[in-house]
Amino acid sequence: MNEQYGAQPILQFSDVSLTYHTKAGETVAAKNLSFSVDRGEFIAVIGPSGCGKTTVLSMTAGLLPPSSGKVRVYGKAPDRSAEYFGYMLQKDELFPWRTVEQNIFLPLEIKKKNTPEMRSKALALAEKYGLGGFLKHYPDQLSGGMRQRAALIRTLAAGPEILLLDEPFSALDYQTRLSVCDDVYAIIRSEKKTAILVTHDISEAISVADRVLVLSKRPARVTAVHKLGFGDLVPLKRRESPQFSSWFELLWKELNI
């Protein structure tokens, strides 16, 4: 599918606005959002609490249609049933009664892709990223970091091309977050996926993203886009870089204007 569109952005928001209508009135959640994401990019979206960061992911996946403007994925309106999206949430949401292996196979069962070939690919991912010895374990036998890694492998099992990450590290303690952030970054890079991360954590955004999009208070609009320029530095090494504090200071100021 990707070759069909050549250099065209994999995702394009063009003057997108979204208004929620309730009995009490209407709320403008987003106004004139415009940005694009290229194939293979890791984008972080930050903004004040309640500004609509998760709403951006929902519109990307076609779960919420915009009130005006256009969202385009591979040049077309997003289809909520499309198989090119993988969603990773704040909690791992592993089923406690299923083993790690059975949890990883779950999207294959749901999407009717539960073939020997697809199961083999999923198990190869688990083996490649350190879960090979834990496939018969249950989630409560794993650490928080291992559970989140299993959740990512489950997300990747059905072969999505675009990963939507909704604050996937926020439920972890600080030390585990640093380690898991490194793991997730390495896996996404190795598998050459396009990723969009929404987070309230400025440090997290700087440590993983190629570019950071800054959103305003509601109604959300893009107030700044920054290309970070860390190259292939892994998250922990980025945090040690002299550039890190400069980026943090700038983004902090932009969020508090």
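In the predicted model, the axes of helix α2 (residues 100-110) and helix α4 (residues 144-157) come within 7 Å of each other and cross at roughly 30°. The two helices are therefore roughly parallel, since angles under 35 degrees count as such. The crossing of α2 and α4 is right-handed. On the α2 side, the contact is made by Val100, Asn103, Ile104, Pro107 and Leu108. These residues meet Ala150, Ile153, Arg154 and Ala157 of α4. By class, the contact of α2 with α4 comprises 7 nonpolar residues, 1 polar residue and 1 charged residue. Asn103 is the polar member, and Arg154 is the charged one.

Helix α2 also packs against helix α3 (residues 116-128). Here the angle is about 135° and the axes are 10 Å apart. Angles over 145 degrees count as roughly antiparallel; at about 135°, α2 and α3 are therefore oblique to each other. The crossing of α2 and α3 is right-handed. From α2, the contact draws on Glu101, Ile104, Phe105 and Leu108. From α3, it draws on Met118, Arg119, Ala122, Leu123 and Ala126. The residues of this contact divide into 7 nonpolar, no polar and 2 charged.

Residues three or four places apart on an α-helix point the same way, because the helix has 3.6 residues a turn.

The buried residues are Val100, Glu101, Asn103, Ile104, Phe105, Leu106, Pro107 and Leu108. Glu101 is thus a charged residue in the buried set. The cover over the buried residues of α2 includes α3 and α4. After α2 comes Lys112, which has a positive phi, near 55°.

Tyr129 is found in the loop between α3 and α4. Its relative accessibility is 12%, so Tyr129 counts as buried. Leaving out residues up to four places away in sequence, Tyr129 touches Arg149, Ile153, Ile187, Ser190 and Glu191. Tyr129 and Val225 are 96 residues apart in sequence, with their C-alpha atoms 32 Å apart in space.

Aromatic rings were searched across the whole structure, giving 6 aromatic pairs. One of them joins Phe13 and Phe35. This pair is stacked, at 4.5 Å centre to centre with 20° between the planes. The pair links distant parts of the chain, as Phe13 lies in strand β1 (residues 11-22) and Phe35 in strand β2 (residues 25-37), 22 residues apart. Phe13 is buried, with a relative accessible area of 0%. Phe35 also counts as buried, at 9% relative accessibility.

A further pair is formed by Tyr84 and Phe85. This one is edge-to-face, at 4.9 Å centre to centre and 65° between the planes. Tyr84 counts as buried at 10% relative accessibility. Phe85 likewise counts as buried at 10%. Ring pairs link Tyr84 and Phe85 with Tyr74 into a cluster.

Two further buried residues lie in other helices. Thr55 is placed in helix α1 (residues 53-60). Its relative accessible area is 11%, so Thr55 is buried. Beyond its neighbours within four places in sequence, Thr55 is in contact with Leu18, Tyr20 and Leu64.

Glu204 has its place in helix α6 (residues 202-208). At 4% relative accessibility, Glu204 counts as buried. Not counting residues up to four places away in sequence, Glu204 touches Phe169, Arg177, Leu197, Thr199 and Arg239. Two of these contacts, Arg177 and Arg239, belong to the charged class. Glu204 and Val16 are 188 residues apart in sequence and 26 Å apart in space, C-alpha to C-alpha.

Note on methods: Residues numbered from 1 in each chain as written. Predicted model: local features only at pLDDT ≥ 70, side-chain atom pairs only at ≥ 80, totals over all residues. Heavy atoms only, no water. Axes fitted to C-alpha atoms, helices over the stretch in contact; angles between N-to-C directions. Helix = DSSP H or I, 4+ residues; strand = E, 2+ residues; numbered from the N terminus. Parallel < 35°, antiparallel > 145°, perpendicular 65-115°, else oblique. Left-handed = near helix turned anticlockwise from the far one by under 90°. Contact = heavy atoms within 4.5 Å. Phe/Tyr/Trp six-rings, centres within 6.5 Å; stacked < 30°, edge-to-face > 60°. Buried < 20%, exposed > 50% of the residue type's maximum accessible area, 1.4 Å probe, protein only.
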